[in-house]
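Take a look at the sequence and the fold before reading on. Then follow the text from one region to the next.

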Amino acid sequence: MNQSTLIAVDLAKEVFQVALARAQGKAYAHHRLSRTRFEAFLAKADRSIVLFEACGSAHFWCRQARELGHEPIMLPAQFVRKYRLRNKTDQTDTEALLDAYRSGRVHPVPVRSVDQQQIQQLHRVREQWKSTRVARINGLRGCLRELGHAIPAGPNAAKRHAQAIIDQEGFPAGLRAVFSELLQEITDLEAKITLAEQQIHALTRDNDEVSLLQQVPGVGLLTSTALVACAGSPDHFKSGRHFASWLGITPLECSSGNKRWLGRITKRGDKYLRMLIIHGARSALCRAKTLAKAGKPLNRLQRWALRLEQRVGFNKATVALANKMARICWAVWKQRAPFNPGPVLS
């Protein structure tokens, strides 16, 4: 492989901008290629390092470049953007890619396989259906409130009470058919959400990594499969703390001199993954509180979480537990060892 040649590619739907450069120095050639010509260009080019910006279709083109013998490297778009010196054009985007790679400070994004992408896309489609379902329920709730009907909280209770209200004799006849159709749409969306979950389970039923991660408290099917699909491998992270930082659940630091200030969590990285692991931590903390009230024994992690909750409150304890869960997930994943909760004490 010709390690001295860099090919920076600004991806698009139809027209791709390509810049060729040596390991050091400015780009010596620029090309503007159609999709078909770009495929032919990669096939004919000497084996080189091909730089992509993490965006739509980037994982596909990285796999294509790897099959053709190149070394694909994908860089996060939010960091590449800071290396663009002038106005935004396709050419300056490729130059920013070259500068970001040469800096050595921008960590590449792992290239996902087709299996990982299909699991991730199932998660995305499920989340879209869930958001639509929430919107339909809230819309129905608001419309019925305008007619003087208060709907209790919770999707199942909302559907049940809405159906009873629609079936009342005095309900406006002009709205009955439309609202009945809206309730049917909510039911259909719930069936689609269940279908997506069944597909995710079927694809990962025999996945040892998913089974290991599900042994961690608060980690179920959705969290474990999303972690495996998005993170790819624990080897991409130096430690559990780097993994938690990648998820955006480590404190935001603003320090100078002898003054160190730690604030709220950074909220960087994948919002969906962070939401799943924080919801899992909330569930694990509620479970620990339930066991404690019933006088049942608790393990070391549960006792730590409850002590923290008494000191800083439920919400902060939830995020702190999510941070610890992320580190545990990385350790279990990295060591390929079952989760050990420690001794259970009364």
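This is a predicted model: local features need pLDDT of at least 70, side-chain atom pairs count only at pLDDT 80 or more; totals for chains, interfaces and linings use all residues.

Start with the inside. In soluble globular proteins, nonpolar side chains tend to be buried together. The largest nonpolar core here has 44 residues. Which of them touch the most other members? They are Phe 243, Leu 247, Ile 249, Ile 277 and Leu 321. At least two residues each come from α8 (208-213), α9, α10, α11, α12 (300-312) and α13 (314-335).

Now zoom in on Ile 277. Leaving out residues up to four places away in sequence, Ile 277 touches Thr 223, Leu 247, Ile 249, Ala 322, Met 325 and Ala 326. Two of these partners, Leu 247 and Ile 249, were named above among the core residues with the most contacts to other members.

Two packed helices are described by the angle between their axes and the distance between the axes. Helix α9 covers residues 221-231, and helix α11 covers residues 271-293. Their packing angle is about 150°, and their axes are 10 Å apart. The crossing of α9 past α11 is left-handed. Which residues meet? From α9 come Leu 222, Thr 223, Ala 226, Leu 227 and Cys 230. From α11 come Tyr 272, Leu 273, Leu 276 and Ile 277. Sort the residues of this contact by type, and you get eight nonpolar, one polar and no charged.

Move on to helix α13, which holds Cys 329. Is Cys 329 buried or exposed? Its relative accessibility is 0%, so Cys 329 counts as buried. Its partners, not counting residues up to four places away in sequence, are Leu 213, Val 216, Val 219, Leu 227 and Phe 243. Leu 227 is one of the α9 residues that meet α11. Cys 329 can also be placed against Pro 234. The two are 95 residues apart in sequence, yet their C-alpha atoms are 9.2 Å apart in space.

Loops can hold buried residues too, as Thr 250 shows. Thr 250 sits in the loop between α10 (240-247) and β6 (251-253). With a relative accessibility of 4%, below the 20% limit, Thr 250 counts as buried. What does Thr 250 contact, beyond its neighbours within four places in sequence? The partners are Arg 241, Ala 244, Ser 245, Arg 264, Ile 265, Thr 266 and Asn 323.

Compare another loop residue, Asn 87. Asn 87 lies between α3 (77-80) and α4 (90-103). Its relative accessible area is 64%, so Asn 87 is exposed. From Asn 87 to His 242 there are 155 residues along the chain, and 34 Å between their C-alpha atoms.

Next, check the backbone. Ser 57 has a positive phi, near 75°, and is not a glycine. Ser 57 is in the loop between β4 (49-53) and α2 (58-67). At 35% relative accessibility, Ser 57 is partly exposed. Arg 336 also has a positive phi, of about 55°. Arg 336 lies in the segment after α13. Its relative accessibility is 46%, so Arg 336 too counts as partly exposed.

Finish with a database record. An unreviewed UniProt entry lists residues 179-206 as "coiled-coil region". In the model, that stretch is 93% helix and 0% strand. Its end C-alpha atoms are 43 Å apart.

Key. Residues are numbered from 1 along each chain as its sequence is written. Side-chain values use heavy atoms; hydrogens and water are left out. Axes are lines fitted to C-alpha atoms, for helices over the stretch in contact, and angles run from 0 to 180 degrees between N-to-C directions. Helices (H or I, at least four residues) and strands (E, at least two) are DSSP runs, numbered from the N terminus. A crossing is left-handed if the near helix is turned anticlockwise from the far one by less than a right angle, and right-handed if clockwise. Contact means heavy atoms within 4.5 Å. Ala, Val, Leu, Ile, Met, Phe, Trp, Tyr, Cys and Pro count as nonpolar, Asp, Glu, Lys and Arg as charged, and the others, Gly among them, as polar. Buried means under 20% relative accessible area, exposed over 50%, partly exposed in between (1.4 Å probe, protein chains only). UniProt positions are given in the numbering used here, feature names are shortened, and annotations may be inferred rather than shown by experiment. A nonpolar core is a set of buried Ala, Val, Leu, Ile, Met, Phe, Trp, Tyr and Cys residues joined through side-chain atoms within 4.5 Å.
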